[in-house]
Amino acid sequence: MAVNGLLDATAQGTPPVQYPRLSKTLDSLAYVDQWPMQRMFQQQPDSAGRNLVQVEKENFARHQPIIESMVRQYGYPGIQQVGKKSAYNFWLLVQHADAYPAFQRWVLQLMLPEVKRKNASAADYAYLTDRVALNAGQLSEYGTLVIFEGTGPTIRAVARPLRDPARVNKRRAAVGLEPLETYLENWTNMTRQMNTPKAPGI
């Protein structure tokens with residue numbers, strides 16, 4: 001039940017959130033955001049015959065003005081405001097708003113003090129930092145953005161150009177990220193799995 005505008009979630013063992021309706025909206029938008037990617041990963045076509053890459057781009061564009069309006073109305077939707085899952089989903093939606101780099105930069109500025117207050121994820125901040133840098137033609141700080149070399153079973157993930165690469169793992173550790181080598185290995189394995197044709201009936 002709601003208590004003084006907060007969603008009482010103590011019975012489920014989770015802290016109450018300030019904006020439960022906003023939380024539900026973010027979760028719904030994130031579900032739509034992720035659906036085309038999940039279908040592509042599962043090597044499943046769209047039932048309506050649409051190009052899933054195009055569907056994904058259209059979803060990103062449609063969601064951006066919605067989440068921008070949220071920020072202008074409520075401020076940064078962090079963990080206290082919408083809960084950990086929905087705060088992550090907000091970041092995910094911002095991460096995919098590459099067609100709106102000014103918006104991404106704005107959110108990144110808002111996010112830093114929230115990270116310091118532990119109201120936002122430091123790791124998510126690192127990912128968005130790299131996204132903003134990429135869209136501005138700058139070097140990556142944390143190596144979270146990758147490109148792929150090779151094809152088929154030999155494809156492998158490599159980090160985009162880095163600032164001070166010798167210290168990247170120190171920067172990654174400071175925000176709770178695994179070493180870059182492990183991260184790239186995981187990306188490589190996932191991509192090879194996604195590109196391996198599935199047997200009929202699977």
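Let me begin with Glu141, Arg163 and Arg171, which are linked in a network of salt bridges, a salt bridge being a side-chain nitrogen of Lys or Arg within 4 Å of a carboxyl oxygen of Asp or Glu. Please keep in mind that this is a predicted model, in which local features need pLDDT of at least 70 and side-chain atom pairs count only at pLDDT 80 or more, while totals for chains, interfaces and linings use all residues. Residues are numbered from 1 along each chain as its sequence is written, and side-chain values use heavy atoms, with hydrogens and water left out.

Glu141 lies in the loop between α6 and β3 and Arg171 in helix α7 (residues 168–174), so the pair ties together parts that are 30 residues apart in sequence; helices (H or I, at least four residues) and strands (E, at least two) are DSSP runs, numbered from the N terminus. Arg171 is buried, with a relative accessible area of 13%, where buried means under 20% relative accessible area, exposed over 50%, and partly exposed in between, using a 1.4 Å probe and protein chains only.

The count comes to eight salt bridges, and another one of them joins Arg72 and Glu68 at 2.9 Å, N to O. Both of these residues lie in helix α2, four residues apart, about one turn of the helix, and Arg72 is exposed at 59%, whereas Glu68 is partly exposed at 22%.

Let us turn to helix α4, residues 84–95, where nine of the twelve residues are buried, among them Ser86, Phe90 and Val94. What does the side chain of Ser86 join in a polar contact? The partner is the side chain of Ser23, at 2.5 Å, a polar contact being a pair of N or O atoms within 3.5 Å, where, within protein, one must be able to donate a hydrogen and the other to accept it, and residues adjacent in sequence count only if both atoms are side-chain atoms. Ser23 is found in helix α1, and its side chain also reaches the backbone oxygen of Val82 at 3.1 Å.
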